[in-house]
Amino acid sequence: MRSSMVTKMGENNTSFRSCPEGSNRASKQRVRPCVSENYFSLISNSFDLVTRCMAPMMGTNQKDQKREVLELFGMFHIESGMHMNAMSSSGAAGFGQLTEDAIKSINRNELGDIRKVLNNQGGACARLSKEYFSGTPMRSELSKSCDRISLKKGNPLTNMVYSIANVMQSKRYLSGDIINDSRFKERFDLSSSDRKRLLTAVSVWSHNTGLGGMKTPLLALLNSKYRGKKVTDVDKFLEELKQAMLDYPHRANKRSARKRETSRYYPSIKSAIQSMNKNVGGGSCLN
């Protein structure tokens, strides 16, 4: 986590904002990221609490949950370098660079399940629900962008929960509509473990591409290269999906820069995880 904070977003980066006292909207003034010992402890403890409390949404056993947590960590690293006040020019902000559409969807579809999962576990998880997830904890409008980055709005906890919920929402959709749908299920000649690994990968990937941006190249790949064939190798299929992002982009991702960004997103997450594990001597607590 320390490696992510320091190497992903150095002190000369210009992607950080602050929230002036009494304002709902993040200032346009650029500020330096924080990498103090206190901030490191805050983020580390928050990530540990949120991933433990959200674990029931990630899988039914510890192995599946650990895989999800590792990939979510990689996603947060790529999106923000684990910096709460990272903000793009479009207004996407926080750990998962939440957009207005993502926040609207979570508020509309996911809050009930989030509260239920947190409350069912009791203890600190139930307190998290009571203190930060009553009502509408995060407003979607850009004029309320401090909801995404300000400590006073329950972050970093709230932004982490929303970001994870966004991936879990995509996971349910992609599972029901493609990976485990009766039309395509037999195309994936995979073990249960590999099928779950594939579903995790495309769900995390869709955090960047959008659901349409994932579904379009995924279906194109299945209906071209894998017409009459079966997917038997997850890693090979994901490498082919990277190319499909370039060859069959969704209409929202057709610009050259956007095609490159979407195709490289998940491979960048895997590369970052491998690099950080190597830098800590292969003994990451996320393994």
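**Pocket**

I started with the largest pocket: 27 residues line it, and Gln-97, Thr-99, His-207, Asn-208 and Arg-258 lie nearest its centre. This is a predicted model, so I noted the limits: local features need pLDDT of at least 70, side-chain atom pairs count only at pLDDT 80 or more, and totals for chains, interfaces and linings use all residues. Numbering runs from 1 along each chain as its sequence is written, and side-chain values use heavy atoms, with hydrogens and water left out.

For the term itself, I used a 1 Å grid over the protein atoms alone: a pocket is an open set of points where a 1.4 Å probe fits, with protein on both sides within 12 Å along at least five of seven lines, and lining residues have an atom within 4 Å of a point. I read off a volume of about 760 Å³ for the largest pocket, meaning the space filled by probe spheres set on the points, which are joined across faces, edges and corners.

Helix 3 (62-80), helix 4 (100-109), helix 8 (157-179), helix 9 (192-209) and helix 12 (256-279) each give the lining at least two residues. Helices here are DSSP runs (H or I, at least four residues), numbered from the N terminus. I sorted the lining by class and got six nonpolar, 15 polar and six charged residues. In this scheme Ala, Val, Leu, Ile, Met, Phe, Trp, Tyr, Cys and Pro are nonpolar, Asp, Glu, Lys and Arg charged, and the others, Gly among them, polar.

**Helix 4 on helix 8**

I found these two packed at an angle of about 80°, axes 10 Å apart. The axes are lines fitted to C-alpha atoms over the stretch in contact, with angles from 0 to 180 degrees between N-to-C directions. Helix 4 and helix 8 are therefore roughly perpendicular, a label for 65 to 115 degrees. On helix 4 the contact (heavy atoms within 4.5 Å) uses Ala-102, Ile-103, Ser-105, Ile-106, Asn-107 and Asn-109, and on helix 8 Tyr-162, Ala-165, Asn-166 and Gln-169. I make that five nonpolar, five polar and no charged.

**Lys-144**

I placed Lys-144 in the loop between helix 6 (123-132) and helix 7 (146-149). Lys-144 sits 5.1 Å from Arg-25, C-alpha to C-alpha, though they are 119 residues apart in sequence. Leaving aside neighbours within four places in sequence, Lys-144 touches Asn-24 and Arg-139.

I noted a cis peptide bond from Asn-155 to Pro-156, omega near 10°; Pro-156 is in the loop between helix 7 and helix 8. Met-82, in the loop between helix 3 and helix 4, has a positive phi near 65° without being glycine.

Notes
Angles under 35 degrees count as roughly parallel, over 145 as roughly antiparallel, 65 to 115 as roughly perpendicular and the rest as oblique.
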